[in-house]
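Let us read a structure together, one feature at a time.

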Amino acid sequence: MKKNPKVSVIMSEYNTPVEKLDLLSKFDIQQVFQQNEIDAVLHFAASKSVNESVKNPLKYYKNNISSMVNLLEVMKDFNVKKFIFSSSAAVYGSTAQQPISELVDTQAMNPYGQTKVIGEDFLNDLYISDNEWSIAVLRYFNPIGAHESGLLGEQPNGTPNNLMPLITQVASKKRRLLYVFGNDYNTIDGTGVRDYIHVVDLAKGHVSAVQKLFSTHGLHTYNLGTGEGYSVLEIINTFEKVNNVDIAYKIVDRRAGDPPICFANPTKAKEELGWSAERTLEDMCRDSWQWEKTLENIILPN
Ligand code: UD1
């Protein structure tokens, strides 16, 4: 096993300073704002496991909400009023309206989703109190994949809950079987349907949103999804075909709280941001597998 020197090469190539801090420490945030010239904030830091949030809601309210209050307070003090918020399709809960537009009412079904609804509400109130703020709320659907170089991706903590990291771990024999949660939904093959989006497309959506913030004020909410739904079996089959590997799986009971179908209407992002997802499901499967192979050879810094 060796360290991954290439990740730090990427950071230095783009001359990106990195500070590691806890957003629960307002003092630490103030230091960063004092030492850097900041025009806008893209706020990604949060916990994101639905299961864990049900077992330990206080952790989620602290990590996802208290930290955000600290950050917004410091931003206000430093007169930095451009903000991008990582929200989630989890704010929609289980809605029958598919594809889902931003006009569908929010109705989170678990503490994780609730923290995203509350975050959105905070931002709404903040904007009403001071309309010099320029805010984009980005509701992510199901991000998968990794940077096509194979050098950047996610490293799940412990056992993953999400489908794609589990598929890649079965492919790499870290895990024996994938459990498919239910094949009796009213979908193309009975398994759950989601709107999977390549993480690089998602990142590009943020670039478009930042550009928007610099040209207008206001609070804007956008779905970031492809507008296409794929079933669990379609994901498995595509992954096997693109990467020439086998995924052993077993159908088990439905997972509690899973909606049968969830996919975006991404029209608003296209019209107002000029953004739409370009990468295919094949790209997502190829890049996820490439990243899993990178993970086998590196120790990432904590
Ligand atoms: C989940 C969260 C969502 C959150 C997102 C963050 C739930 C109910 N929703 O979305 O709020 O924003 O992660 O990334 O947890 N599946 C299997 N076997 C598995 C894992 C998943 O069959 O071992 C199926 C699920 O039933 C679902 C699909 O794969 O149909 C996608 O699941 P997952 O990757 O966990 O995402 P979501 O549940 O859509």
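**Reading contacts, charges and helices**

A: Start with contacts. Lys-82 touches Asp-39, Ala-40, Val-41, Met-75, Trp-133, Ser-134, Leu-213 and Phe-214, leaving aside residues up to four places away in sequence. Keep in mind that this is a predicted model.

Q: Where is Lys-82 found?
A: Lys-82 lies in strand β3, which covers residues 82-88.

Q: Is Lys-82 buried or exposed, and which side chain of opposite charge is nearest?
A: A salt bridge needs a side-chain nitrogen of Lys or Arg within 4 Å of a carboxyl oxygen of Asp or Glu. Lys-82 is buried but has no salt bridge. The nearest side chain of opposite charge is Asp-39, 8.0 Å away.

Q: How many salt bridges does a search of the whole structure find?
A: The search finds 13. One of them joins Arg-279 and Glu-148, with the closest N and O atoms 3.5 Å apart. This pair links distant parts of the chain, 131 residues apart. Arg-279 sits in the loop between α9 (267-273) and α10, and Glu-148 in the loop between β5 (142-144) and α6.

Q: How is burial read for Arg-279 and Glu-148?
A: Buried means under 20% relative accessible area. Arg-279 has 17%, so Arg-279 is buried. Glu-148 has 35%, so Glu-148 counts as partly exposed.

Q: Which residue forms a salt bridge with Asp-201?
A: Arg-279 does, with the closest N and O atoms 2.8 Å apart. This pair also links distant parts of the chain. Asp-201 is in helix α7 (residues 199-215), 78 residues from Arg-279. Both Asp-201 and Arg-279 are buried.

Q: What separates Asp-283 and Arg-286 in helix α10?
A: About one helical turn, because the two are 3 residues apart in helix α10. Asp-283 counts as buried at 18% relative accessibility. Arg-286 is partly exposed at 38%. Elsewhere, salt bridges that share partners join Lys-81, Asp-130 and Glu-132 into one network.

Q: At what angle do helix α6 and helix α10 pack?
A: Helix α6 (residues 163-171) and helix α10 (residues 281-295) pack at about 60 degrees, with axes 10 Å apart. The angle therefore makes α6 oblique to α10. The crossing is right-handed.

Q: Which residues make the contact between α6 and α10?
A: From α6 come Met-164, Thr-168, Gln-169 and Ala-171. From α10 come Cys-285, Ser-288, Trp-289 and Glu-292.

Definitions and conventions:
Residues are numbered from 1 along each chain as its sequence is written. This is a predicted model: local features need pLDDT of at least 70, side-chain atom pairs count only at pLDDT 80 or more; totals for chains, interfaces and linings use all residues. Side-chain values use heavy atoms; hydrogens and water are left out. Helices (H or I, at least four residues) and strands (E, at least two) are DSSP runs, numbered from the N terminus. Buried means under 20% relative accessible area, exposed over 50%, partly exposed in between (1.4 Å probe, protein chains only). Lys and Arg count as positive and Asp and Glu as negative; His and the chain ends are not counted. Contact means heavy atoms within 4.5 Å. Axes are lines fitted to C-alpha atoms, for helices over the stretch in contact, and angles run from 0 to 180 degrees between N-to-C directions. Angles under 35 degrees count as roughly parallel, over 145 as roughly antiparallel, 65 to 115 as roughly perpendicular and the rest as oblique. A crossing is left-handed if the near helix is turned anticlockwise from the far one by less than a right angle, and right-handed if clockwise.
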